[in-house]
Amino acid sequence: MRVAITGSNGFLGTHLVKKFVHEGHEVIALVRPSADTGTLDSPDKFYIESIDYECDLIRCFSTLKEKYGKLDLFIHNAGVTVSLNPNEYFETNTDLTERIVKSVEACNWIKDSGKVLYVSSLTAQGPVGINKPVSKYGESKLKAEVFFRKSKYAHLIMRPTAIYGAGDYAFLPLIKGANSKVYPLTNPKQKMSMIHGEDLANMILIESTKSTGTLHATDGKTYLHSEFVSTLSKVLNKKVYTIPIPAFLSRLLLGLSDFWHRLINKRPSITKEKFLEISMDWNQHEYNKIPYSQVPCKINLEEGFKDAYDFYKAKKLI
């Protein structure tokens, strides 16, 4: 297949590029002009193309169409996951997504037999018992899905749960704290789901060739914080102690963190809103009410945390 992937230099994007290239597909990696492409290799059938998303996208995509030919698959993976500005979620995850999808269609970049694929999020479905987004991020992803459902091409929407592994920074505070033998805990009964970036990339590759509609993605297991603590203790080879923190105190501290990061104009690794979202139950896969990919995952929690820890250590973040 000939595949174009947005956000190719990001955490999941890097895994997607490597997986598709490894399986013999021709990949056009779309990145922003200022993007760091150091995470990407340059094997055969792999091309990096810089895209200014403020430009005339129809013209930009038409130029790429003339250069490479029509696509079998277009994967939109780029987006904003954490922001203190709610408008940024909708400007990037929703409005830009609409422009991208419509521009791909306008220049007829995809073969009649081809497909558009959107990497959405389980947050678009919402946590257990609520079944709707509880954050601006989740709302922005849910709204963006509409443009794929209305596309003239066949579409597949993948909604992954929390993604982790080497290249991800969302779990850095957790693993960094555990490395100092501290694991803050607000709700010991919370039920979580996870998926490693490499497993998700493989799942997307396989499902892209056979599925349409909307599929959710997880490794199929439900995790408690106690399992996180015991696993991190093994990975770090040290005793990790849970530190109970009342929910109100967590909200207060994160509210202060949000205020501070606004003052210094810096994007935090986690916001109060994001924390409240991820603190809910995300074990929907136990209820069989929504469709999940059945592609098996290979990387267990210990291997995944070890992968992430080695990455952070190599980057001198721990």
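Is glutamate 277 buried or exposed? Glutamate 277 is buried, with a relative accessible area of 1%; buried means under 20% relative accessible area, exposed over 50%, and partly exposed in between (1.4 Å probe, protein chains only). This is a predicted model, in which local features need pLDDT of at least 70 and side-chain atom pairs count only at pLDDT 80 or more, while totals for chains, interfaces and linings use all residues. Residues are numbered from 1 along each chain as its sequence is written, and side-chain values use heavy atoms, with hydrogens and water left out. Helices (H or I, at least four residues) and strands (E, at least two) are DSSP runs, numbered from the N terminus.

**Salt bridges**

- A salt bridge is a side-chain nitrogen of Lys or Arg within 4 Å of a carboxyl oxygen of Asp or Glu, and by this rule the count comes to ten.
- Glutamate 277 forms a salt bridge with lysine 274, at 3.5 Å from N to O. Both residues belong to helix α9, where they are three residues apart, about one turn of the helix.
- Lysine 274 is buried as well, with a relative accessible area of 12%.
- Arginine 2 and glutamate 26 form a salt bridge in which the closest N and O atoms are 3.2 Å apart. This pair links distant parts of the chain, with arginine 2 in strand β1 and glutamate 26 in strand β2, 24 residues apart.
- Glutamate 26 counts as buried because its relative accessibility is 17%.
- Glutamate 88 and arginine 267 meet through their side chains in a salt bridge of 3.0 Å, N to O. Here too distant parts of the chain are linked: glutamate 88 is in helix α3 (residues 86-106) and arginine 267 is in the loop between α8 and α9 (272-278), 179 residues apart.
- Arginine 267 is partly exposed, its relative accessible area being 46%.

**Cysteines**

- A search of the whole structure finds one disulfide, the term meaning a pair of cysteine sulfur atoms within 2.5 Å.
- The disulfide joins cysteine 55 to cysteine 60, with an S to S distance of 2.5 Å. Both cysteine 55 and cysteine 60 are buried.
- Cysteine 107 is buried, with a relative accessible area of 7%, whereas cysteine 297 counts as partly exposed at 25% relative accessibility.

**Nonpolar cores**

- In soluble globular proteins, nonpolar side chains tend to be buried together.
- A nonpolar core is a set of buried Ala, Val, Leu, Ile, Met, Phe, Trp, Tyr and Cys residues joined through side-chain atoms within 4.5 Å.
- The largest nonpolar core has 28 residues, of which Phe20, Ile75 and Ile204 touch the most other members. Elements that give two or more residues to this core include β1 (2-6), α1 (11-22), β4 (71-76) and α6 (197-208). Helix α1 supplies the largest share, six residues.
- Apart from this core lies another, of 27 residues, among them Tyr53, Leu71, Tyr118 and Ile157.
- Contact means heavy atoms within 4.5 Å. Leaving aside neighbours within four places in sequence, the contacts of isoleucine 75 include Val3, Ile5, Leu16, Phe20, Leu117 and Ile204.

**Helices α5 and α7**

- In helix α5 (residues 172-179), the residues Leu172, Ile175, Gly177 and Ala178 are buried. Their cover includes β8 (182-185), α7 and α10 (301-314).
- Lysine 181, which follows α5, has a positive phi, near 75°.
- Histidine 225 lies in helix α7 (residues 225-236) and counts as buried at 11% relative accessibility.
- Beyond neighbours within four places in sequence, histidine 225 is in contact with Tyr183, Leu185, Asn187, Gln190 and Met192.

**Surface patch**

- Phe259, Trp260, Leu263 and Ile264 form a nonpolar patch on the surface, with about 450 Å² of accessible area together. Accessible areas come from the Shrake-Rupley method with a 1.4 Å probe; for residues, only the protein chains shown count as cover.
- Patches are made of residues with over 30% relative accessible area and no salt bridge, like charges being joined within 9 Å and nonpolar side chains (Val, Leu, Ile, Met, Phe, Trp, Tyr) within 5 Å.
- Phenylalanine 259, in helix α8 (residues 247-263), is exposed, with a relative accessible area of 53%.
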